[in-house]
Amino acid sequence: MGNLCSKRAAVSDNTTLLSGPASNSDSGVLPVISADPAAPAPCSTSSNRLLGHTAARLQCIFAPVIDSLDQQLAANSAALTWPALQLVQLQAFICKHLTAGDAPQTISNLLAVLYTLAVAAPTAVAGTVVTHSPAINRLTGILSVVLGNQDVTSAAQSWRQWQQLADAVGFTLGYFPVVLTPASKAVLLQLEAAAKSASVHAVRLQVRRTSVFADACATLRPADPSQLFAGPCVIAPIFLASSPDNHPSQSSSHRSMHLAFPAHRSQAISHSTTSTACHSGIDVQSSSACGSAAQAEARPAAVGSDADVSDGSSVLREEGEGRGPRKEFFAAVGADISAGTLTEALFVYNTTAACYWYNTQLPPTEPRQQQYRAAGWLAGQALHNRAPLGIPLAPLLWQKATLQTLQNFDPVMGQTLRKVLQSGAPDLAALLRLEGLSQDTSAEAYVQGAVQRVCVEEVTWQSTSFAQGFCAAVSLDLLQSYLVTPRDLAEMVSGSSNCWRNVDAIQDVFHVVQDSQLQQEYATLCKCLWEVVNGWDVELKQQFVLFVTGSHRLPQPHTELLQVQLPFVAFDHRDHANMLSRLPQAHTCDNILELPNYQESLLAMHSVTDGNTQMTDELEQRLRNILHDRLKLAVTCCNGYGLDQSHM
């Protein structure tokens, strides 16, 4: 896709979806992205019809191909399997079906039409619903799964392969992002940012679960924005906890993490899976090793002398580099920056807007500015790590201040200001007298001043600090090239609003990959497992997903694998008895659920042998009960990460 980068840049330069940094005097709060179309002009009926027809044609081209690919992967054939799927295989499959004849040119033309209607002449419906191609977004979902199977060090090669695929099928005119959802844009943005970065650092942050953001901020100490890592980083959290026999005070443990953030940007990365020494809370190295296992009974490893607290008390360390620990870390950051009273939280909930906004009650102290700077940098890294903060940040954080953007954020205030514009001279004069303003002030000037005060003046120091951290992590040019709107960016950083109430089955969200034994001789165990899990209420389903993936938030549908394995072996009667009492465990680094083979052991305990795996109705009900009890206990009592240790 060599043409893609240059051509799409030329196209996006003519759009108003994004803008470069602007001063607080002429922009909104965080001067990164301009407003969504403030007052979109409605499309004509013919334009809407053309847009719908074009989107439908694009869907007809891609849907059969993606359906065929899904079917082959679901069949778990020797040629294509989810866990082993590589980008080169995906590239070959798509190109085989979509490069014949004039298909690439047709795809390119259809994308150009969609772009012209939805971006050059945007409408609310066209820009947010009609142009999103379900089939193409399923393709990027599959790409997300493939990238999850690879190490960050292969980003450059993966990006080249994606460029080749995109060129071959007609994604070369800069119009391609118009059909993407925010989640799909995030997948490609993460890949391109990592591929084009001089070096992608793996940053290890030692934190306690009770104060994740405070510990990370104390370690980063972003007094100078230039000391923050530029571009994407892989965050590898190290969760610290007091030893059961020693209970160090928070202050002593906190002191052990105080170290000025070192400037590592010029250092090359050593692509090694071997851990380097931890320096009082921060460690930088290549990211290539899988994380630790999330188990019902966590067994974290003891930290060496470099992490002992100053009073001599020992500290336990739970360390992991997989998706699960990262998800937990960023979700904890989001919870911390929005928790507490008006004298503590960096962001407070606006009930009218149903999202979080800067806390205007905080004093502009240097420590507070450092906290906002760290929050901005971590928000940018949440985007690169595709591990959302989990709190709905206001799109206004990234928008220029206008009456329309203020009304989108706070409908009540926006409507009140619009009434001022429509008020007569006597009412306006009374309002100006009440607020001590000059009678010469026009309604337009009053409204403009109110918008400026709420969106800029009241949050100047907060937005400036947050922007410094965010812009150190995220390339504004890259956001622009993907036509990222403020709402897109808010969703990328905060997480999808995908609602649990709309999910009946876990299989509707994840690509579920199961051991061949579960699909064949122990199919009853597989059937009962999903009957139990999908029959739970929303709260228990959330705990199950948290147990397996490290986050209770749902990913975008079919962008992640969930693997179920039967790794445990029983040889005799005693082993089978222990198996029936054993709890499942999970590896959140790869979304793996390790399930004891309750079916085999239940049959063995009832003297059903000789390879017979058929179960009576009574035994099948007992199997459901065992699955319910053991799995519920595991998911509700999980409290951390172990070290991939198996124990009965």
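Analyst: **An open sheet and its surroundings**

Gln585 has Glu594, in strand S11, as its bridge partner. The model is predicted, so local features need pLDDT of at least 70 and side-chain atom pairs count only at pLDDT 80 or more, while totals for chains, interfaces and linings use all residues. Residues are numbered from 1 along each chain as its sequence is written, and side-chain values use heavy atoms, leaving out hydrogens and water.

Strands (E, at least two residues) and helices (H or I, at least four) are DSSP runs numbered from the N terminus. Two strands pair if DSSP finds at least two bridges between them. S10 and S11 (residues 592-594) pair in the antiparallel sense over 3 bridges. They belong to an open sheet of 4 strands, ordered S8-S9-S11-S10, with mixed pairing. S8 (511-514) and S10 (585-587) are the edge strands, each pairing on one side only. On average, neighbouring strands of this sheet are turned by 20° against each other, direction ignored.

Elsewhere, S6 (residues 347-350) and S7 (residues 355-358) form an antiparallel pair over 4 bridges. Phe347 stands opposite Tyr358 in S7. The hairpin of S6 and S7 has 4 residues between the strands, and Ala354 takes a positive phi near 60° there.

Val212, Phe213 and Ala216 in H9 meet Phe329, Ala332, Val333, Asp336 and Ile337 in H11. The residues of this contact divide into 7 nonpolar, no polar and 1 charged; Ala, Val, Leu, Ile, Met, Phe, Trp, Tyr, Cys and Pro count as nonpolar, Asp, Glu, Lys and Arg as charged, and the others, Gly among them, as polar. The axes of H9 (residues 212-220) and H11 (residues 323-337) come within 7 Å and cross at roughly 100°. Axes are lines fitted to C-alpha atoms, for helices over the stretch in contact, and angles run from 0 to 180 degrees between N-to-C directions. H9 and H11 are therefore roughly perpendicular to each other, a term for angles of 65 to 115 degrees; under 35 counts as roughly parallel, over 145 as roughly antiparallel and the rest as oblique.

Technical notes. Contact means heavy atoms within 4.5 Å.
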